[in-house]
Amino acid sequence: ENRRANFFFSVNLDTVPEQAILHIGCETKYWLFVNGALTVFDGGLFRESLPGCGYYDSVDIAKHLRPGKNEIAIHVWYFGNGGRNNTAIQGAGLILESKELGLYSGAETLGYVDDAYYITNFEKSWLYGGGHTAYDSNVHPFSLCPSMEKAAKCLVVGSYGDAPWGQLVARPVPLLFFTDRIPCPGIEKNGKYTITLPYAMHFSPYLKVKAHGG
């Protein structure tokens with residue numbers, strides 16, 4: 001539980017189509033990168049749209065494509081402990097389809113478990129599942145977009161409609177909107193930092209920290 005995995009797809013295009021829809025289902029949350037650009041932030045919804053089933057996102061990535069080779073990377077965070085509001089399957093997983101691009105997840109999909117992320121001993125979330133996580137850059141330096149360096153063929157655990165995926169239902173709420181990172185001034189006093197947000201906003205923190213090794 002509380003593991004991370006990276007999945008990869010590539011497609012060669014003579015011309016860029018007007019529309020290129022990716023249908024994506026995963027366990028539990030994902031971040032999508034197309035040609036190195038973050039395209040979906042915190043995608044995916046908790047399972048149980050219907051008993052034994054989940055949801056899928058539909059994402060048009062046409063504006064991020066280019067003629068020639070295109071690389072698609074998907075970083076998946078597997079919560080594992082389902083919590084009250086999520087019935088988890090037994091491992092990080094991804095199911096993907098794009099008819100316009102001819103892409104389908106399966107035995108040729110490349111991926112790997114990202115061992116730089118590891119479980120901490122802090123309390124886990126009982127409501128939504130998941131828990132605290134940590135990153136060890138001694139395993140490999142951090143990069144926002146996953147690297148294919150360790151990628152190998154993935155194990156197929158089930159086809160669409162079969163367990164553990166079930167009949168996936170279209171996401172009923174919009175994907176999260178996100179901007180480029182916004183610098184926020186901070187004031188340090190007695191080891192505590194106070195940050196001023198530019199306006200009343202929903203946000204996720206991004207910290208760049210210098211520290212001694214280990």
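Q: Is Asn 190 buried or exposed in this predicted model?
A: Asn 190 sits in the loop between strand 14 (186-189) and strand 15. Its relative accessibility is 72%. The cut-off for exposed is over 50%. Asn 190 therefore counts as exposed.

Q: What is the phi of Asn 190?
A: Most residues other than glycine have a negative phi. Asn 190 is not a glycine, yet its phi is positive. The value is about 55 degrees.

Q: Which loop holds Asn 35?
A: Asn 35 also has a positive phi, near 50 degrees, in a residue other than glycine. Look for it in the loop between strand 3 and strand 4.

Q: Which strands are the edges of the open sheet of six strands?
A: The order in this sheet is 4-3-6-1-9-12, and the pairing is antiparallel. An edge strand pairs on one side only. The edges are strand 4 (37-43) and strand 12 (152-153).

Q: Which residue of strand 6 stands opposite Leu 32?
A: Strand 3 covers residues 29-34, and strand 6 covers residues 68-78. The two strands are antiparallel and share six bridges. Opposite Leu 32 stands Ile 74.

Q: What is the strand order in the open sheet of five strands?
A: The pairing in this sheet is mixed. Strand 8 (103-104) and strand 13 are its edge strands, each pairing on one side only. The order is 8-7-2-5-13.

Q: Which residue in strand 8 is the bridge partner of Glu 97?
A: Strand 7 and strand 8 pair in the antiparallel sense. Two bridges join them. The partner of Glu 97 is Tyr 104.

Q: How many bridges join strand 2 to strand 7?
A: Strand 7 spans residues 93-98 and runs antiparallel to strand 2. One of the partner pairs is Glu 27 with Gly 93 of strand 7. The number of bridges joining the two strands is five.

Q: Which residue in strand 5 is the bridge partner of Leu 22?
A: Strand 2 pairs with strand 5 as well. This pairing is antiparallel and has four bridges. The partner of Leu 22 is Val 59.

Q: Why is strand 2 described as largely enclosed by the rest of the structure?
A: A residue counts as buried under 20% relative accessible area. Strand 2 has seven residues. It is largely enclosed because the buried ones number six of the seven.

Q: Which strand gives the largest share of the lining of the largest cavity?
A: The lining has 14 residues; nearest the centre are Gly 25, Cys 26, Leu 45, Arg 47 and Tyr 55. Two elements give two or more residues each: strand 2 (21-27) and strand 5 (55-60). The largest share is four residues, and it comes from strand 2.

Q: How much space lies in the largest cavity?
A: The model has two cavities of 30 Å³ or more. The space in the largest one is about 70 Å³.

Q: Which residues lie closest to the centre of the second largest pocket?
A: This pocket holds about 750 Å³ of space. Its lining has 36 residues. Strand 1 (3-13), strand 2, strand 7 and strand 9 (110-113) each give two or more residues to that lining. Closest to the centre are Gly 93, Leu 94, Ile 95, Ser 105 and Trp 165.

Q: What is the omega of the peptide bond that joins Glu 27 and Thr 28?
A: Most peptide bonds are trans. The bond between Glu 27 and Thr 28 is cis. Thr 28 lies in the loop between strand 2 and strand 3. The omega of this bond is about 15 degrees.

Q: Where is Pro 164?
A: The peptide bond from Ala 163 to Pro 164 is cis, with omega near 5 degrees. Pro 164 belongs to the loop between strand 12 and strand 13 (169-170).

Q: Is Leu 197 exposed or partly exposed?
A: Leu 197 comes in the segment after strand 15 (192-195). Its relative accessibility is 33%. Exposed needs over 50%, and buried needs under 20%. Leu 197 therefore counts as partly exposed.

Q: What accessible area do the residues of the nonpolar surface patch have together?
A: Leu 197 is one of the patch residues.

Technical notes
Residues numbered from 1 in each chain as written. Predicted model: local features only at pLDDT ≥ 70, side-chain atom pairs only at ≥ 80, totals over all residues. Heavy atoms only, no water. Patch = residues over 30% accessible without salt bridge, like charges linked within 9 Å, V, L, I, M, F, W, Y side chains within 5 Å. Areas by Shrake-Rupley, 256 points an atom, 1.4 Å probe, with all protein chains shown as cover. Salt bridge = Lys/Arg side-chain N within 4 Å of Asp/Glu carboxyl O. Buried < 20%, exposed > 50% of the residue type's maximum accessible area, 1.4 Å probe, protein only. Pairing = 2+ DSSP bridges. 1 Å grid on protein atoms, 1.4 Å probe; cavity = no way out; pocket = protein on both sides within 12 Å on 5 of 7 lines; lining within 4 Å. Points joined across faces, edges and corners; volume = space filled by probe spheres on them.
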